[in-house]
Amino acid sequence: MTNYLDFEKPLAEIEGKAAELRAMARANEEMDIEDEAQALDKKAADLLQQMYTTLTPWRKCLVARHADRPHCKDYISTLFTEYTPLAGDRNFADDHAVMGGLARFDGKPVMVIGHEKGNDTKSRIERNFGMARPEGYRKAIRLMDMADRFGLPVITLVDTPGAFPGKGAEERGQSEAIARSTQKCLQLRVPLVSVIIGEGGSGGAVAFATADRVAMLAHSVYSVISPEGCASILWKDAEKMREAAEALRLTAQELHQLGVCDRIIDEPMGGAHRNKDETIANVGAAIGEMLAELDTGKDRTAARRKKYLDLGQKGLAA
Amino acid sequence: MNWISNYVRPRINSIFSRREVPENLWSKCDECGTMLFHRELAENLNVCTSCGHHMQISPRDRFANLFDGGAFAEVDVPVPNADPLNFRDQKKYPDRLKAAQKQTDEKEAMLVGTGDMGRTPIVAACQDFSFMAGSMGMYVGNAIIAAAEKAVERQCPLILFTAAGGARMQEGILSLMQMPRTTVAIEMLKEANLPYIVVLTHPTTGGVTASYAMLGDVHIAEPNALICFAGPRVIEQTIREKLPEGFQRAEYLLDHGMLDRVTERGKMRDELITITRMLMGLDPAITGDLPAPDITEAEDMLEAVKGEDSTS
């Protein structure tokens with residue numbers, strides 16, 4: 001059962017018709033509908049292609065947030081072996097919006113950290129929809145520190161609407177935790193590779209994605225503010241999110257032009273959720289190649305700092 | 001509404017009801033409503049003489065009070081691409097920038113200066129809330145980097161006064177990238193073992209708080225300053241409950257361990273002198289009447305500053 005996005009309604013109708021025809025044929029064996037059904041399949045495939053090759057920035061946001069999109073947990077269980085979750089910030093709590101721990105990638109030990117949104121109501125609430133509290137960032141800092149001491153490359157998987165805007169989170173120093181996490185990213189001597197797999201929401205994403213290499217899935221987004229938030233501030237109308245999404249330049253393709261994203265990872269036709277295995281394999285291959293580009297034996301700090309100091313000087317025009 | 005009510009009537013009104021006092025002589029305290037004479041208010045560093053409410057103060061006014069004799073050399077900030085995303089909301093971004101420049105008479109939302117504060121060499125950077133809400137874009141990032149580089153070059157502390165609504169949305173992702181960029185600047189100071197003092201003023205929010213504002217060796221805030229990551233309105237909408245009195249204000253943050261001190265504007269300079277001199281291993285500052293500086297010393301200093309200018 002596919003969950004269709006609003007803009008996919010025409011597609012849902014065609015695919016629904018084809019499924020209906022086939023169900024009728026199963027009930028009545030004399031009916032010959034296969035030609036007709038295949039024609040509908042073809043029409044659906046064409047429409048899907050047409051839709052997904054011309055996704056507007058706002059539609060990309062919707063695809064990036066799709067409930068069926070593979071999440072951090074799926075990537076970790078498929079791409080890594082011996083994953084050993086490590087919990088807690090040694091200070092207050094364990095934040096379930098952030099998962100992380102030791103694991104092997106291609107047989108080599110690494111530290112993997114990511115935001116997890118959850119995939120049903122119960123797990124979404126437990127994971128707080130991927131919105132981390134200070135504990136989450138402080139756990140990540142602790143794990144990054146450990147990786148640095150033991151010479152393990154760090155891989156971060158970013159998928160968050162943003163850091164959690166709550167009372168307790170503020171009291172416990174949400175901003176300080178994010179600032180320290182970004183700082184830790186910049187202090188690491190070991191390679192740090194980041195993949196934005198869905199939503200890269202503002203400071204909550206930067207805290208993990210200040211990396212030597214930042215890759216983005218083709219329909220993922222990364223932005224200083226959600227289009228809805230931007231629209232309500234600048235247009236004074238949250239319904240102007242389409243315009244805001246356009247203006248913010250938050251797609252992987254635009255961010256690649258700006259030099260914020262180093263690499264775009266292909267998604268299957270129709271988005272990551274239509275073929276999770278293929279998406280996860282693509283991400284795995286990209287992580288492997290990015291790690292290979294970075295010399296593990298060398299102190300990466302200076303190069304990473306330079307990357308960020310030089311960033312964005314030219315803008316889109318260049 | 002028509003031409004008569006929009007245009008004619010205000011014109012007529014303006015002819016007949018001339019203001020009794022020029023607009024700029026008096027200002028009203030936003031907190032207690034007391035009318036304050038502008039000169040008195042300026043002498044009190046824009047702090048209400050009646051209730052002690054701290055109002056906005058421009059970076060230049062702040063520096064005039066901070067540096068000895070109000071004298072400082074402005075540090076050059078590399079000017080970035082003015083509109084990297086060709087951003088357009090209801091107005092074009094360059095138009096918004098121009099309007100802010102005209103209104104404030106400043107280039108951008110941060111001023112960087114170097115000079116002496118209580119005979120202690122410092123670099124100071126000050127965010128300007130009146131310039132597009134002090135928002136952090138490429139220029140502010142460049143300013144903080146330039147300030148850190150100057151402090152390292154002069155081997156002196158950096159004092160940074162924050163005031164911002166957050167990131168500059170019109171620069172999109174590039175404003176977000178100022179979080180890591182400014183953090184690199186702070187790392188430079190840390191490596192050079194130089195004090196980095198943050199003075200948080202009203203309001204300091206969003207991406208600014210979540211980067212350089214929370215990475216200081218010492219955090220001092222002005223009384224009642226709003227300091228937060230997510231603003232109170234956003235939180236109330238999320239958790240659907242009323243927030244406690246004074247939530248996210250300086251005193252509240254002090255109680256929750258995020259600040260070292262809350263200090264009134266009038267006492268800030270002395271406190272900064274005391275702290276920086278201790279961290280730099282200098283003798284206590286001389287208070288009261290200072291003897292005239294040794295003439296050769298002053299000349300050396302001038303030479304040093306000149307030398308720096310020619311190299312920068």
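Predicted model: local features only at pLDDT ≥ 70, side-chain atom pairs only at ≥ 80, totals over all residues.
A salt bridge, as the term is used on this tour, is a side-chain nitrogen of Lys or Arg within 4 Å of a carboxyl oxygen of Asp or Glu.

Begin by colouring chain A in two parts, selecting residues 6-54 as domain 1 and residues 61-317 as domain 2.

Next, select the residues on either side of the boundary that are in contact, which are seven from domain 1 of chain A and eight from domain 2 of chain A. Between these two domains of chain A an area of about 600 Å² is buried, with carbon and sulfur atoms giving 71% of it.

Then turn to Glu8(A) and Arg274(A), whose side chains form a salt bridge with an N to O distance of 3.0 Å. Across the interface of the two domains of chain A, one salt bridge is found by the rule, and one residue pair is found in polar contact, with both residues at pLDDT 80 or more.

Finally, select helix H2 of chain A, residues 34-53, which with four residues gives the most to the side of domain 1 that touches domain 2. That side of domain 1 of chain A comprises four nonpolar residues, two polar ones and one charged.

How values were computed:
Residues numbered from 1 in each chain as written. Chains lettered and ligands numbered in written order. Heavy atoms only, no water. Domains from an automatic or database assignment. Contact = heavy atoms within 4.5 Å. Buried area = accessible area lost by both parts, 1.4 Å probe. Polar contact = N/O pair within 3.5 Å; in protein donor to acceptor, adjacent residues only side chain to side chain. Helix = DSSP H or I, 4+ residues; strand = E, 2+ residues; numbered from the N terminus. Nonpolar A, V, L, I, M, F, W, Y, C, P; charged D, E, K, R; others polar.
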